[in-house]
Amino acid sequence: MDKPLLDEQCKKIFSVFLVSQKTLRFNVLHRTLNEIGLKMTKPTLISHLNHLHKNKLIVRKKEGKQNVSYTANWAKLEAFKQSMETKRFIERQLEDEKRFKSFPINEQVIYVTNLFSLRNLYKLKLEVQDVIDPSKNFEHSIQFLLTDRFFEIFKRWLLESCYMSKTEKASEALSMIDHNITLFTDDLFDRVSQKQDRSTVSPSSTNSPQEEMRK
Ligand SMILES: [Zn+2]
């Protein structure tokens with residue numbers, strides 16, 4: 001197995017670099033951590049910075065004799081940064097709350113259903129990537145947290161649409177969700193029983209719930 005994954009303290013310290021996107025001097029970093037409730041002694045901070053440095057997640061810069069500053073290793077996180085930029089782009093394109101809420105409630109449910117399938121596939125992908133390269137576990141979990149927030153926006157809009165009309169839209173949404181649950185469940189059990197019935201089964205022989213919903 002590869003190097004151990006980063007500890008919780010390291011993850012929190014690193015998130016400070018990600019959020020600030022700045023080069024931080026040791027004393028400033030120590031003070032910032034104290035301010036956000038992550039109190040630790042200077043030697044403890046030094047040892048965690050060493051963990052991060054060993055994992056090439058941060059870059060150390062010496063300024064003069066006494067000052068040492070640190071920054072996130074964006075070169076290593078290039079792929080991650082790119083995906084953040086893609087995410088921001090998508091956010092700008094889709095963050096049209098009014099438009100989404102103007103869809104009929106059943107279309108909103110279909111959209112969120114498909115989005116959550118995508119979210120779970122994305123999470124699974126990152127987990128499989130973790131198996132291939134455990135040293136990237138931390139990048140993967142940050143990446144997922146950021147993307148997940150984006151998925152949650154649409155769910156929130158759907159729920160707000162339900163709240164606005166009180167029970168009417170909520171009941172409609174509920175029956176649509178139940179309908180989708182039935183489609184997914186049937187599809188799943190159909191496949192299992194088909195596999196038991198016949199030794200060979202083509203994956204394309206059954207329509208996916210998404211395909212069914214489009215009809
Ligand atoms: Zn650590």
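Trainee: Among contacts between residues at least 6 apart in sequence, what share joins residues at least 24 apart?

Mentor: In this predicted model, 61% of the contacts between residues at least 6 apart join residues that are at least 24 apart in the sequence.

Trainee: Which pattern does the protein chain follow when read along the sequence?

Mentor: The pattern is α-β-α-α-β-β-α-α-α-α-α-α. In total, the protein chain has nine helices and three strands.

Trainee: How are the strands arranged, and in what order?

Mentor: Let us begin with the general idea. Strands of a sheet pair through backbone hydrogen bonds, in either a parallel or an antiparallel manner. Here, three strands form an open sheet in the order β1-β3-β2, and the pairing is antiparallel. β1 (24–25) and β2 (58–63) are the edge strands, each of them pairing on one side only.

Trainee: How many bridges join β2 and β3, and how many join β1 and β3?

Mentor: β2 and β3 are paired over six bridges, whereas β1 and β3 are paired over two. Val59 has Thr71 of β3 as its bridge partner, and Glu63 stands opposite Asn67 in β3.

Trainee: What should I note in the hairpin of β2 and β3?

Mentor: Three residues lie between the two strands, and Gly64 takes a positive phi near 70° in this hairpin.

Trainee: Is Lys56 buried or exposed?

Mentor: Lys56 is exposed, because 12 other C-beta atoms lie within 10 Å, and a residue counts as exposed at 12 or fewer.

Trainee: How does one judge the span of a helix, for instance that of α3?

Mentor: The reach from the first C-alpha to the last is set against the span expected at 1.5 Å a residue. For α3, with 13 residues, the reach is 18 Å, close to the expected 18 Å. Helix α6 (residues 105–132) has 28 residues and reaches 41 Å, close to the 40 Å expected.

Trainee: Which residues of α6 are buried?

Mentor: They are Ile105, Gln108, Val109, Val112 and Thr113. For the protein chain as a whole, buried residues amount to 14% of the 215 residues.

Trainee: Which residues make up the largest nonpolar core?

Mentor: This core has 12 residues in all: Leu6, Cys10, Ile13, Phe14, Phe17, Leu29, Leu52, Leu57, Ile58, Tyr70, Ala72 and Leu77. Two or more residues come from each of α1 (8–20) and β3 (67–72). The greatest contribution is that of α1, with four residues. Apart from this core lies another one of seven residues, including Val109, Val112, Cys162 and Ala173.

Trainee: With which residues is Leu57 in contact, leaving aside its neighbours within four places in sequence?

Mentor: Leu57 is in contact with Phe14, Leu52, Ala72, Asn73 and Lys76. Of these contacts, Phe14, Leu52 and Ala72 are also among the residues of the largest nonpolar core.

Technical notes. Residues numbered from 1 in each chain as written. Predicted model: local features only at pLDDT ≥ 70, side-chain atom pairs only at ≥ 80, totals over all residues. Buried ≥ 20, exposed ≤ 12 C-beta atoms within 10 Å, placed from the backbone. Contact = placed C-beta atoms within 7 Å. Core = buried A, V, L, I, M, F, W, Y, C linked by C-beta atoms within 7 Å. Expected span 1.5 Å × (residues − 1). Pairing = 2+ DSSP bridges.
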